[in-house]
Amino acid sequence: MSIKDWPEGERPREKLLERGAGALSDAELLAIFLRTGIPGKSAVDLARELLTDFDGLTGLLAADRRRFCDGKGLGTAKYAQLQAVLELSRRYLLTRLSGQDVLTSPEATRDYLKLRLYGSPHEIFACLFLDNRHRVIVYEELFRGTIDGASVHPREVVRRVIQTNAAAVIFAHNHPSGVAEPSQADLRITQRLKEALALIDVRVLDHIIVGDGDGTSFAERGLL
């Protein structure tokens, strides 16, 4: 049965308009994005199948172009649309952060960093450079590594801090495994960076590890 033949209250688009996007399942939201199904499958049926094939919404959103376009009912146009949606989400969250003290909006900070880093097959070390009122100056991905780690160079971090005229920073990196527990290497490099930046009176406010769930905050753990 086509979605247009479903009871109105069960159709994803109408359900969203009536009850809000939060009332929809991942498959229903994806069906709205897909717009149409394929012969023998409604958009919702296709969405459920894709979520299974990609191991959930995270796997679908993180898929590279080739893997994504191989999915049933997908292709280059859908890939471009999805990347545009993700980038709009990133820019929206960064806009929310830029005008306010990030310490007053930890949820938005984590959401932004997770949207940036989660799902990458490689470890990425990034930094939010902040002004003296803890507002975002710029976000940068400074180092990229293999699935096992990234080589972080304190001298390069200090150089970028000086160039951006930052007064404070928040570091972040992802664990491709999804396990957000800090390693001994994570603890050591954080301490080295903190000591290097202290020499130029720049504070390290936090180091967030992005993984499954909410991730891990060094500041909340008392590790800074």
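The model is predicted. An open sheet of five strands, with mixed pairing, runs in the order 2-1-3-4-5. The structure also holds 13 salt bridges, and a search of the whole of it finds zero disulfides.

**Sheet layout**

- Strand 2 (136–144) and strand 5 (216–217) stand at the edges of the sheet. Each has a single partner strand, so one side of each is left without a neighbour in the sheet.
- Strand 1 (residues 124–130) and strand 2 run antiparallel. Seven bridges join them.
- In that pairing, L130 stands opposite V136 in strand 2.
- Strand 1 also runs antiparallel to strand 3, joined by six bridges. C127 stands opposite F171 in strand 3.
- Strand 3 pairs with strand 4 in the parallel sense, over seven bridges. Here V169 stands opposite V204 in strand 4.
- The chain leaves strand 3, passes through helix 9 and reaches strand 4. This β-α-β crossover is right-handed.
- Strands of a sheet pair through backbone hydrogen bonds, in either the parallel or the antiparallel sense.

**Strand 3 and its burial**

- Strand 3 covers residues 168–174. Seven of its seven residues are buried, so the strand is largely enclosed by the rest of the structure.
- A168, I170, A172 and N174 point one way from the strand. V169, F171 and H173 point the other way.
- Residues on both faces are buried.

**Cysteines**

- C127 is buried because its relative accessible area is 1%, under the 20% cut-off.
- A disulfide is a covalent bond between the sulfur atoms of two cysteines. The search of the whole structure finds zero of them.

**Salt bridges**

- K72 forms a salt bridge with E49. Their closest N and O atoms are 2.6 Å apart.
- This pair links distant parts of the chain, 23 residues apart. K72 lies in the loop between helix 5 (65–69) and helix 6 (76–98), and E49 lies in helix 3 (residues 43–53).
- K72 is partly exposed at 44% relative accessibility. E49 is buried, with a relative accessible area of 19%.
- D131 and R135 meet through their side chains in a salt bridge of 2.9 Å, N to O. D131 counts as buried at 16% relative accessibility, while R135 counts as partly exposed at 27%.
- E156 and R159 form a salt bridge of 2.4 Å, N to O. Both lie in helix 8 (residues 154–164), three residues apart, about one turn of the helix.
- E156 is partly exposed, with a relative accessible area of 27%. R159 is partly exposed as well, at 37% relative accessibility.

**Surface patch**

- I162, L199 and I200 form a nonpolar patch on the surface. Together they have about 320 Å² of accessible area.
- I200 sits in the loop between helix 9 (184–198) and strand 4 (203–210).
- At 32% relative accessibility, I200 counts as partly exposed. Residues in a patch need over 30% relative accessible area, so I200 passes that cut-off with its 32%.

Technical notes
Residues are numbered from 1 along each chain as its sequence is written. This is a predicted model: local features need pLDDT of at least 70, side-chain atom pairs count only at pLDDT 80 or more; totals for chains, interfaces and linings use all residues. Side-chain values use heavy atoms; hydrogens and water are left out. Patches are made of residues with over 30% relative accessible area and no salt bridge: like charges are joined within 9 Å, nonpolar side chains (Val, Leu, Ile, Met, Phe, Trp, Tyr) within 5 Å. Accessible areas come from the Shrake-Rupley method with a 1.4 Å probe; for residues, only the protein chains shown count as cover. A salt bridge is a side-chain nitrogen of Lys or Arg within 4 Å of a carboxyl oxygen of Asp or Glu. Helices (H or I, at least four residues) and strands (E, at least two) are DSSP runs, numbered from the N terminus. Buried means under 20% relative accessible area, exposed over 50%, partly exposed in between (1.4 Å probe, protein chains only). Two strands pair if DSSP finds at least two bridges between them. A crossover is right-handed if, with the strands pointing away from the viewer, the path from the first strand over the helix to the second runs clockwise. A disulfide is a pair of cysteine sulfur atoms within 2.5 Å.
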